[in-house]
Structures are given as structure tokens and as C-alpha cells.
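Morning, everyone. Today I want to talk about salt bridges. Please look at the screen.

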Amino acid sequence: MTTQIYNGKILIPEGRWIDGGSVVITDGRIDNIYAHSRIFDNIDKTIDAEGGYVLPGGIDMHIHGGGGRDFMEATHEAFRTVIDVHRSHGTTSLFPTLASASESTIRQAAAICSELASDPGSGVLGLHLEGPYFHPSMVGGQIPENIRLPHPSEYVGIIEDFPCIKRWDAAPELPGALDFARFATGKGVVAGLGHTCAGYDEIVAAYENGYTLATHFYNAMTTSHKEGIYKHEGTVESVFLMDGINVEVISDGIHVPPVILKLIHKIKGYRRMCLVTDSLAITDSTDGSSFDDRIMIENGVCKLKDGSAIAGSCATMDRLIRTAALEAEIPLEDVARMVSETPAMIMGVYDRKGSIARHKDADIIIMDRSLGLTHVIAMGNEIPVAGAMA
């Protein structure tokens, strides 16, 4: 099967654009990119980009659910539903995320994730565990009963039994959290720091022991604050000072306001900043159902019903792009790379994902000049686009 996308403004590696170009896809891979829109012979299918932006497909490295289903359900049906919902919004591959959970739930979900990750067409690249090793004062929307300290009797067996686990987040100031990070990173797992009260010295120690990613940066972590009459740095300022720590940001315009999105981009740059949805089951849920009955949507914001915290989001990939480009006024080439190239680099899949380049997987989205999503291609297959903008 050969497909030609033509008449588009194509983003290629190094943030360069080819205006009026074409991408030819053969059997799920990018065969070549051309600086013209002439239709080749022996093309099975053509897609007219109509002058729109041809971008790498989105890679969501922090995503809990959608369509009323959550990865915590640990069923094939739930996994497939979430994948399909988010693909229709431009997420062509993802790292399913579990919030803080029991060991049995982690193992059940990891078993399903292992099966799906073995199928290149599933879009599943590995499992992300958000918790349960978090600071009790920074629980946020996590289930408090599941929060606990890291202990090798739990995490060693899980990581060794399930190579599909590619990322695991913890609060680095907790007892045993540095040992946890050294073990995890030694097994090729990205250690993220989050739901934390860590200050500068603790962040330095975290980085030295393997933590290289800040989970939903600015959310569920401290900023500059007073203790008594004196100012102290928070986790945010400490992470800014650590050049080697990458950050992921929920770019829905609510968790992190557009002005702060712009600030993070100015300090960290697209190479160290990626955009994530942190979306929950209620995202694109036709009947408003949610896996966690503590959650509600109010004025487009996911919240705990008791009003104590924002809880995840109802964002989708196309919304991330529009918010960062249109509201935070970050250049589109940087925005596109922060949802594709940067997460691919961080998670070690850039050899096959994250850019429009020869021989890579044909994961591509097309957006019109107003950044409305018009086409989604995953592994060379066209996916129906969600009917309305998120």
C-alpha cells in the first residue's frame, strides 16, 4: 500500500519546513519526502493537505484515559478504547499511564501493556507508572490510600518481570527514593520526579541518582515560598537550574497558564520540554462517565468534586498544539517537536518515531492553517478524525 500526502507544509528534522511538498508512505513507513506536489505513478491513495501543516504524529508520554475508560481498569477493552479516542485527536503513539495503584493492578495492567507493545500497530510504546511513591502532602488527584514509600520488595520484582515498563515517577525526597531511581534507571526505566516537596539540594541529589524528568511540571510540586519570614526555592526553581532535567507540561492552558508555558519554553527550550495531556477517562466521554467517581468537569477543567484539587485533564493532542502555538505564542515548529521529537528522544524511540524522515514509522498528522486537525495517519493507516475540536 502506497500513499502520497501532497500540497502540504511539511515539518522535517531540525525544525525545517518544506512548503508545497509531498510525503510518500509505503507499507507503514515513510519512503521519502519531496519538495514538490506532483503525484507519482503507482500511488494507491492520495491525501491533499490543502496547504496545511504536515507534522509528526503526537507521542503522549503521560495519559490515563479517555472515552469513559481508564488504563487502571487493566482490560484489553479499556486500553483499546483509550487508544482509539486519542488517536482520533492526533496521538499516534503513547505510553499508557497508571496513577498510584496496588501492586496487583500494576501487574495486571503491565501484562496487557506487554501484549499490546509487541504489536507495532497498537501505538503502545511502553507503560508509565505515575506513583505510588509520592509525598503525602502532594497527592493531588491521586488515590490517597494507594500512596506508599518505595521498597525494593515491590519495585524490583515489577521492573524485572515487566520490561514494558519504560518510566516510573516518584518523589525523590522520600526514604528509599534514591535507591529506587538507581535501580530503575539501571534497568533502562526513565525516572521522573513528581508529587514532591523537594528543594534544591534534594533535586541535585535526585539528578545525581538518576531522575531526569519532572512530571507535569509546575503541578503537584512546590514553587518559591516563605518559611517563617524567609524565602526558599521550590521544586520548580530547582528544576529550572538543573540543565539536565527534562520537563513535561500539561499544555491545556489551565494547569499551566499560557504565560508560564512561554516562560518554560524560554528557559528549557523545545529540546528539554515536552507537552502531555495527563488526560483522564472523562476525556471525550460521550455520557460523562469517569473511571474515578471523585472526578467532575467544570468549565472545561477536571476537578475533584470536593474542590480540593485539579485532577488530570480532559485535553487531547490537538488541543495541546493549539494552546501552545496560539495562546502561548510558541513557534509551531517548536510546539510540534515538543509533542513528537522531544518525547521520542526522552523515551528512547527516536530511531523510529518523532519526526518525518525516511524509513521511520508513518505517524503523521495534518492540521489546517488555523490548527484544526484534518487527518491522522498511524503506521501508514488513516484514522478517522474526531468530529469537533477539543
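Which contact do the side chains of E160 and K187 make? They meet in a salt bridge, with N to O at 3.9 Å. This is a predicted model, so keep that in mind throughout.

Where do the two partners sit? E160 is in helix α3, residues 152-161. K187 is in the loop between α4 (177-186) and β12 (190-193). They are 27 residues apart, so the pair links distant parts of the chain. Now accessibility. E160 has 47% relative accessibility, so it counts as partly exposed. K187 is partly exposed too, because its relative accessible area is also 47%.

Next pair: R167 and D169. Their side chains form a salt bridge at 3.0 Å, N to O. Buried or exposed? R167 is buried, because its relative accessible area is 1%. D169 is buried as well, because its relative accessibility is 0%. The cut-off for buried is under 20%.

The side chains meet in a salt bridge, 2.7 Å from N to O. Both residues lie in the loop between α10 (341-346) and β20 (364-367). They are 10 residues apart, and the pair links distant parts of the chain. D363 is buried, and K353 is buried too.

Which residues are linked with D363 and K353 in a network of salt bridges? R29 and D361.

And how many salt bridges does a search of the whole structure find? The count is 19. Among them are E160 with K187, R167 with D169, and D363 with K353.

How values were computed: Residues are numbered from 1 along each chain as its sequence is written. This is a predicted model: local features need pLDDT of at least 70, side-chain atom pairs count only at pLDDT 80 or more; totals for chains, interfaces and linings use all residues. Side-chain values use heavy atoms; hydrogens and water are left out. A salt bridge is a side-chain nitrogen of Lys or Arg within 4 Å of a carboxyl oxygen of Asp or Glu. Helices (H or I, at least four residues) and strands (E, at least two) are DSSP runs, numbered from the N terminus. Buried means under 20% relative accessible area, exposed over 50%, partly exposed in between (1.4 Å probe, protein chains only).
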